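Work through the exercises below with the sequence and the model at hand, and try each task before reading its solution.

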Amino acid sequence: MIKEPNDMMFRVFIRMIAIIVVTFSIYLFFSGHNAPGGGFIGGLMSAIAILVIYLVFGIDRIKAALPFNYTYMMSIGLLLAVSTGIISWIAGYPYLKQFFDYFQLPFFGEVELTTALIFDLGVYLLVVGAAMTFILTIVEDDS
Amino acid sequence: MTFLHFAVLAPFLFAVLVPFLFKYIRKIHTGWFVLFVPLILFIYFLSFISVTSDGRDELQRMEWVPSLGINFDLYVDGLSLLFALLITGIGTLVILYSIFYLAGKKERLNHFYVYILLFMGAMLGVVLSDNIIVLYVFWEITSISSALLISYWYSKKASVYGAQKSMYITVFGGLSMLGGFSLLYVMAGTFSIREMVGNADVILGHDLFLAAMILVLLGAFTKSAQFPFHIWLPDAMEAPTPVSAYLHSATMVKAGIYLVARMTPVFAGGAEWFWIITSFGIFTMLWGAVSAVRQKDLKAILAFSTVSQLGMIMSLLGAGSAAFYYMDGDNALYTTAILAAIFHLINHATFKGSLFMVAGIVDHETGTRDIRKLGGLMTIMPVTATISFIGLAAMAGLPPFNGFLSKELFFTGITNVVQYDMWNGDTIGMILPVVAWIASIFTFAYSAIIFFRTFRGKFKPEALPVKKVHEAPAGLLISPIVLAVAVLLISIFPNMLAYTIIEPAMMSILPGILSEGSAFYVDIYHWHGINLELMMTAGAVALGIVVYITMDKWSKLGIYQRERDIMTAAYDNGYDLLIKGSQILTRAQMTGMLRDYLVYMLLFIVGIMFYTMFRFEGFHFGMDNASDIDIFMYFILGALVITVLLLPKVNNRMTAIILAGFAGFLVAFIFTVFRAPDLALTQLMVETVSVLLFMAVFYHLPNLTKDDITPLTKTINIVIAGLAGLMVTLVSISAFTFGQTTSLAAISEYYIENSKILAGGYNMVNVVLVDFRGLDTMLELLVLGIAALGVVSLIKLKVRESDDV
Amino acid sequence: MEILMSVVIGILFAVAVYLMFSRNIIRVLIGTLLLSHSVHLILFTMAGLQRGAPPLLFLEAEAYADPLPQALILTAIVINFGITAFVSVLVYRTYQEHKTVDLYDLRGEKDE
């Protein structure tokens, strides 16, 4: 779709931006339970970051650098989301009941850990996978 | 789950085994295994005679959908036991007969016996269910299995036609019946027939009484082939003969009779019930008898004869319902008709069953059932001829056979109507015996035609497809012989059945009208002295002989050549009209244009919305609690409106994408202003990814062009779009105003209070998504995943237009 | 504000419908996009555009904006994204196969 642009500054700049965006998206994902963010937003933002890199560097090079199979990523995401529900089901609670508690971890101090985070991770993976699949399949289809 | 339940379900359970038996045990005819099912059930049901003949009954409960009052309750009383015995008894004989009838190596026995067992179980369910919904379910299964059996030789066009016809007509009736049952439920508040009988007074006085009655009767009349719905029965004769003998003469067509008998305590007592049933029955009797005389196919004669006899039984049930009006069960004047109905029901099953089997034998041995080709088989097939003589004599009503006994009772029952001093019984009622008598003349005539045209006359071997005609093998003869013997036994000892089977059945049709400690009068005698009934029989026989002798003359008339029923033409034309009409309608509606479909939908929605708003005052307008407008919002919203209004004008595809994206970002901005950070973020992300996606897609697409539409279409489009927009605005305003003025508490309070406590999260939106309404989110993930898979398969698999997906 | 918003939503909806009436499948696609915007905004407006705090509990505000419509709309946005993506790929493939984006030419047989 896009011929490789050979603008040096542009590339360096985009690379930095992409890293910042990915980092921010991971932050959004983790903070989602207590602040704006979460699986959907984090996932979409990560997808945008990866797409921006694709736009600049072309597909083939990034495919080599980021060897993800996005279809697998989607399935893993869905599996994670489903399985958190099943665990509470097996334990005798309603399907998809989430649990949370507070733990003291080294370096981090008191941290709240919830099973909802695992569910949200499933959401995140699926959204990244789906968004990437949508666009990459079209872009790769140059027949 | 009692043994009785098991008995009803046993045929279904055994049906599962049949395909395996057929596949793995090819040496033994599958029918031999199946034979045990009805045989054991018959013996089992015989044991109930001791229960019902004492006037007791048995109710076995099983819950099915208790919350809706639908329970699989089975109820055995005299009436249902009579039918259960017929179903299993005749069923045993028919299966035995089918073993020899379907002896060919290529017969698909697995199909045949599965269908037969399906039917048997369903029929038992119909007659034993106390719950009308359960009854309805079984009722429809009998329709389905009947259609499957008619189309057993599905490569024949006539089979498929007959199956479809019977299906359409009986299912139409079944659905009407369901409507009637629903009305009954509305009236009586129960699905149980027994409880309805208890509430009969409530039902009788209700406004819906007549509607429910007619709907239920539609079900009964279609099933029992009453005029004008009888047309499916002659076409059902394309089924293998065992099926005709079983379903289409002895059992299934009597389901309608059963229903009428069963519902008599609920509906009877009024003039409508009496006259509808009696007049339809008696007219069907005449119509069937006259049509039967014109037929040339043995089975067709028998089919119309069945129609006629069913009409006769039906009319008797109608005539006997007068007993409820007088509430007098001790007086034989009113109850004889019911007695005659039950007695003839049994007799008809015996002689008609044997006659169908004989017709099957003749077909099997000679290769044809056309009476113009048959003749002189008496010397070649003496046993078959004897059986048919017994059956035909009984059908014609000749003494001393059982048909004579029930025909005499029939005349008594129908002439009694004249003595009823209500419902015009003494005036219009005079017609009934006359019509009955005329029908009996033709009954005698077609019985004579069957016998003399098949077994007497000249043997014409050159006309027959089979060259060496001989007597049927013993196996084929067993079942008709058993039935013929039954005919003879009932003929000689009619009172054998009187207090064991018939009287208990009468008790269930006419409950609660006997005086304490007495029983119905059911003694049946051959000789009552020279009375009106005997004279009627003698007259019918004499005139019947005249009709037969003059056959050579009237068979040259045009009407004799027209075998097809007039009503069949009506059905065919109606069917064609329906197909053509729906094609025209479909073509007019399904234009293949997305725009047209959207126009239909929107016009409907807009119409119904505006109607509701004005009719039910659904429109609310209020400024209470409306938030203030910041000045900058005018700019934002103005920009949004301008962007959107520009979109239809744009012809450059990339400009369109950018404008659409801009609109999306403005929406995201609105979300931000109104305190929805999560939404704003999501909207921004989605818009970004969407724009990238559109870039990728539209890159390959051509530029937009101006639509090639007439100014009129364009105007219509604008008007409809404007109306839709107006509707949405009004709905939105009303919804907001309603939400502000109503006193209902918002469920959101729950989430606001509990997000922290129950889910440990501060972001309520996220908590709702992943915790409180996690299932929604999960299904949403599924949608996204499916969409992604769809995209992958669209692109990677490259399904072509010509490919069959 | 809500009344003005409702009017804007109505305009959005009308234009979306008008675009969907078009014979050009690309316009239909853009129409569905606008349609979803207007539906999201309806859901949003129905609950009232109160100026409470965002639905984040750590703000410890007196009143919060209603979180439930927001969660519903969030779900709707993402589903809509999936559908838009699917439809746009469908349009793309249709054009590849038939070399036209005119819905009039893409009709099925008369007697289907």
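**Exercise 1.** How many helices and strands are there in chain A?

*Solution.* Chain A has five helices and two strands, where helices (H or I, at least four residues) and strands (E, at least two) are DSSP runs numbered from the N terminus. Read along the sequence, these elements of chain A give the pattern α-α-α-α-β-β-α. This is a predicted model, in which local features need pLDDT of at least 70 and side-chain atom pairs pLDDT 80 or more, while totals for chains, interfaces and linings use all residues. Residues are numbered from 1 along each chain as written, chains are lettered from A and ligands numbered from 1 in written order, and side-chain values use heavy atoms, without hydrogens and water.

**Exercise 2.** Describe the extent and the burial of chain A.

*Solution.* Taken along the principal axes, the C-alpha atoms of chain A fill a box of roughly 55 × 35 × 25 Å. Of the 143 residues in chain A, 48% are buried, that is, under 20% relative accessible area with a 1.4 Å probe and protein chains only.

**Exercise 3.** Examine helix α18 of chain B, its length, its cover and what follows.

*Solution.* Helix α18 of chain B runs over residues 332-366 and has 35 residues. From first to last C-alpha, α18(B) reaches 48 Å, close to the 51 Å expected at 1.5 Å a residue, the expected span being 1.5 Å times one less than the number of residues. As for cover, 33 of the 35 residues of α18(B) are buried. Just after α18(B), B:Gly367 takes a positive phi of about 90°.

Notes: Buried < 20%, exposed > 50% of the residue type's maximum accessible area, 1.4 Å probe, protein only.
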